[in-house]
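This report describes a two-chain model for a reader who has the sequence and the coordinates at hand.

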Amino acid sequence: MKQDFRMTYPLWNMAFILILAVMAVGFTSSFVNVTKTESSLSIQAQALEGFLLFAALIAYLVLITIYLFALQSYNRKNPGKKISPFSMRPPEYMEQDEGMTYITRKAVQKVYTFITWTLPFFALIVMLFPIPRLLIVWGILAVAFGQNLIYYMEMRRHLKEAAE
Amino acid sequence: MLSLVYIMLYKPNILMERMKRMLKNRVKELRARYGYTQSELGKQVDVTRQTIAFIEKGEFSPSITLALKLAKALQVEVGDLFWLEEE
């Protein structure tokens, strides 16, 4: 089960989200706004943002290449349960029988509960406080990261119990 | 962060948890009697090894169809394989 790509898929998602969080620094210009009056600092901030954006883009491309190779290798070894990189359905769902469907449903229930609580709370915080754009993007990415983490931990717990 | 910890510890369905505790089975005992591994028994009834493990641990209550298939594979009546234990 450790070799099952569907099990490790949330980890890939989390890695992509972390890179997006770094990339967001480059796309949002909150640092420049803060130091607008001090031109020298502004230039340094822009250089930093540019570097982070470039580094994140490279990291993203490298990770997506590794991901596609890993996916291709998994599909070659498991012709009966191929995963499409363009599937609309989350590939991490493990529903090959009723037991696996049961634990997937439990994990999804936990994720749903997390989203139900977190998104309205986050929307309220954004409405009440003047939060910079970068922090809003990081907040959304944190929710996405949390959702993957909850799903992965729940599935891992069940499958670890089954392995004992 | 706190909501994350809360969700991790959250039990989605209390009724299901109670029912799980009530349903007992002899799958592990009978499987051992016939010398089947979890994978072998799983293959016979067309489920994964993990599902057999979940049933043996009482983590998951199988459907009637699967319970009947398991009883057939282990050559017992379904009532001798699964039963309810009153709380």
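Two residues are said to be in contact, or to touch, if their C-beta atoms, placed from the backbone, lie within 7 Å. This is a predicted model, in which local features need pLDDT of at least 70 and side-chain atom pairs count only at pLDDT 80 or more, while totals for chains, interfaces and linings use all residues. Residues are numbered from 1 along each chain as its sequence is written, and chains are lettered from A and ligands numbered from 1 in the order in which they are written.

## The two chains

Chain A contains five helices and zero strands, helices (H or I, at least four residues) and strands (E, at least two) being DSSP runs numbered from the N terminus. Of the 164 residues in chain A, 19% are buried; a residue is buried if 20 or more other C-beta atoms lie within 10 Å of its own, exposed if 12 or fewer, and partly exposed in between, with C-beta atoms placed from the backbone. Among the contacts in chain A between residues at least 6 apart in sequence, 74% join residues at least 24 apart.

Chain B has seven helices and two strands, and from the N terminus on its elements run α-α-β-α-α-α-α-α-β. Buried residues account for 26% of the 87 residues of chain B, and among its contacts between residues at least 6 apart in sequence, 54% join residues at least 24 apart.

## Where the chains meet

In the model, 20 residues of chain A are in contact with 18 residues of chain B. On the side of chain A that touches chain B, helix 4 and helix 5 (133–163) of chain A each supply at least two residues, and helix 4 gives the most, with eleven residues. The residues on this side of chain A divide into nine nonpolar, six polar and five charged, where Ala, Val, Leu, Ile, Met, Phe, Trp, Tyr, Cys and Pro count as nonpolar, Asp, Glu, Lys and Arg as charged, and the others, Gly among them, as polar.

Helix 4 (residues 98–128) of chain A packs against helix 5 (residues 49–56) of chain B at an angle of about 75°, with their axes 7 Å apart; axes are lines fitted to C-alpha atoms, for helices over the stretch in contact, and angles run from 0 to 180 degrees between N-to-C directions. The two helices are therefore roughly perpendicular to each other, a term that covers angles of 65 to 115 degrees, whereas those under 35 count as roughly parallel, those over 145 as roughly antiparallel and the rest as oblique. The contact is made by A:Glu98, A:Gly99 and A:Met100 of helix 4 of chain A and by B:Gln50, B:Thr51 and B:Phe54 of helix 5 of chain B.

Six of the eight residues of helix 5 of chain B are buried, so that the helix is mostly covered; among them are B:Gln50, B:Thr51 and B:Phe54. What covers these buried residues includes helix 4 and helix 5 of chain A, together with strand 1 (23–25), helix 3 (27–34) and helix 4 (38–45) of chain B.

The largest nonpolar core has 28 residues, and those with the most contacts inside it are B:Val45, B:Leu70 and B:Leu81; such a core is a set of buried Ala, Val, Leu, Ile, Met, Phe, Trp, Tyr and Cys residues joined through C-beta atoms within 7 Å. Helix 5 of chain A gives the most to this core, with six residues. Not counting residues up to four places away in sequence, B:Leu81 touches B:Asn25, B:Arg26, B:Val27, B:Leu30, B:Ala67, B:Leu70, B:Ala71, B:Leu74 and B:Val76.

## Individual residues

A:Val143 lies in helix 5 of chain A and counts as partly exposed because it has 18 C-beta neighbours inside 10 Å. Leaving aside residues up to four places away in sequence, A:Val143 touches A:Thr118, A:Leu119 and A:Phe122.

Most residues other than glycine have a negative phi. B:Asp46, in the loop between helix 4 and helix 5 of chain B, has a positive phi of about 65° although it is not a glycine, and B:Asp46 is exposed, with 11 other C-beta atoms within 10 Å. B:Gln75, in the loop between helix 6 and helix 7 (78–81) of chain B, has a positive phi near 55° and counts as exposed, with 11 C-beta neighbours inside 10 Å.
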